[in-house]
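Please look over the model shown below before reading the notes that accompany it. The briefing is grouped by topic.

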Amino acid sequence: MSDSLGMPKHIAIIMDGNGRWAQQRHMPRKLGHYRGAARVRSLIEYCTRVGVECVTLFAFSTENWQRPAEEVDALMALFIEYLDKELPAMLENRVRFKAIGALDRFSPEVRDRIRRAEQQSASNDGLFLNVAVNYGGRWDILHAVQSWQTAHPNAALSELSQDVLSEYLSTAGQPELDLLIRTGGESRISNFLIWQAAYAELYFTDILWPDFDEAALQAAFDWFSARDRRFGKVKAST
């Protein structure tokens, strides 16, 4: 994990407020999602410049299927469009892409786009970009346990340790999560990266995601750098 007063290695963002941003401007909610998607590229480029190694974006949760069908369809179309449009930039900037979540619920078209983006960027050695789609933190933990059990059918549950379980999570092999940011004014993590966020710093802002620019991201980094991260230890005397 990163030391205090340093740049986080792994950040996660709950990109909240797209729909409200559009409604405040008397626009359809889906236009807010499109504006929010457009915000992603510049922030990924900024993270690359300042040395962040891994970014995980919460794009679509397991609970989001409960939204109106029209909005869900618009989000699926936007995801396909995002992958098609952004893949060349990812490859140019050496970004490695991975979709995390229960992908079997998506259409063959969506799964095909995901596989293509993952395969074409697999050898990239730059920033690691996770996009969480049909993702839930509880699902991630349960899926990890089930995957471990499948890999070790004759092992006793007592043999499963925290370190081993971490190897079966969606973020296995990546840096520990340092900073979780949520835009949009809510102060909860909404079933996102529950395991991974155990020692992450949680940063909540009222800024709606389409307005969350580089200055706002740097403000979150500045806040992080001032935190005293002890991970359960006692602060040394000065």
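The notes that follow take up strands, a helix, backbone angles, pockets and a cavity.

This is a predicted model, in which local features need pLDDT of at least 70 and side-chain atom pairs count only at pLDDT 80 or more, while totals for chains, interfaces and linings use all residues. Residues are numbered from 1 along each chain as its sequence is written, and side-chain values use heavy atoms, with hydrogens and water left out. Helices (H or I, at least four residues) and strands (E, at least two) are DSSP runs numbered from the N terminus.

**Strands and their pairing**

- Two strands are said to pair if DSSP finds at least two bridges between them; on that basis strand 2 and strand 4 pair in the parallel sense over seven bridges, with Leu 57 standing opposite Val 131 in strand 4.
- Strand 4 also pairs with strand 3 in the parallel sense, over five bridges, and Lys 98 has Asn 130 as its bridge partner in strand 4.
- Eight of the eight residues of strand 4 are buried, so this strand is largely enclosed by the rest of the structure; here buried means under 20% relative accessible area, exposed means over 50%, and partly exposed lies in between, with a 1.4 Å probe and protein chains only.
- Strand 5 (residues 179–182) and strand 6 run parallel and are joined by four bridges, and Leu 179 stands opposite Glu 201 in strand 6.

**Helix 3**

- The 24 residues of helix 3 (residues 69–92) should span 34 Å at 1.5 Å a residue, and the end C-alpha atoms are 35 Å apart, which agrees; the expected span is 1.5 Å times one less than the number of residues.
- Helix 3 bends by about 45 degrees at Glu 86, and Pro 88 follows within four residues, the bend being the angle between axes fitted to the seven residues ending at a residue and the seven starting there.

**Backbone angles and a loop position**

- Most residues other than glycine have a negative phi.
- Arg 94, which follows helix 3, has a positive phi near 65 degrees.
- Asn 134 is not a glycine, yet has a positive phi of about 50 degrees; Asn 134 lies in strand 4 and counts as buried at 5% relative accessibility.
- Ser 190, again not a glycine, has a positive phi of about 50 degrees; Ser 190 is found in the loop between strand 5 and strand 6 and counts as partly exposed at 29% relative accessibility.
- Leu 103 lies in the loop between strand 3 (96–100) and helix 4 (108–121) and, at 21% relative accessibility, counts as partly exposed; the C-alpha atoms of Leu 103 and Pro 153, 50 residues apart along the chain, are separated by 24 Å.

**Pockets**

- On a 1 Å grid over the protein atoms alone, a pocket is an open set of points with protein on both sides within 12 Å along at least five of seven lines, a cavity is a set where a 1.4 Å probe fits but cannot get out, and lining residues have an atom within 4 Å of a point.
- The largest pocket has a volume of about 740 Å³, where grid points are joined across faces, edges and corners and a volume is the space filled by probe spheres set on the points.
- Of the 33 residues that line the largest pocket, Met 15, Phe 58, Ala 59, Phe 60 and Asn 64 lie nearest its centre.
- Helix 1 (18–24), helix 2 (29–50), strand 2 (54–61), helix 3 and strand 4 (128–135) are the elements that give two or more residues to the lining of the largest pocket.
- The second largest pocket holds about 350 Å³ of space, and among its 17 lining residues Ser 166, Leu 169, Glu 176, Trp 195 and Gln 196 are the closest to its centre.
- Helix 6 (residues 162–166) gives the most to the lining of the second largest pocket, with three residues.

**Cavity**

- The structure holds one cavity of 30 Å³ or more, and about 30 Å³ of space lies in the largest cavity.
- The lining of the largest cavity consists of Ile 13, Val 40, Leu 43, Ile 44, Val 55, Leu 57 and Trp 209, and helix 2 gives the most to that lining, with three residues.
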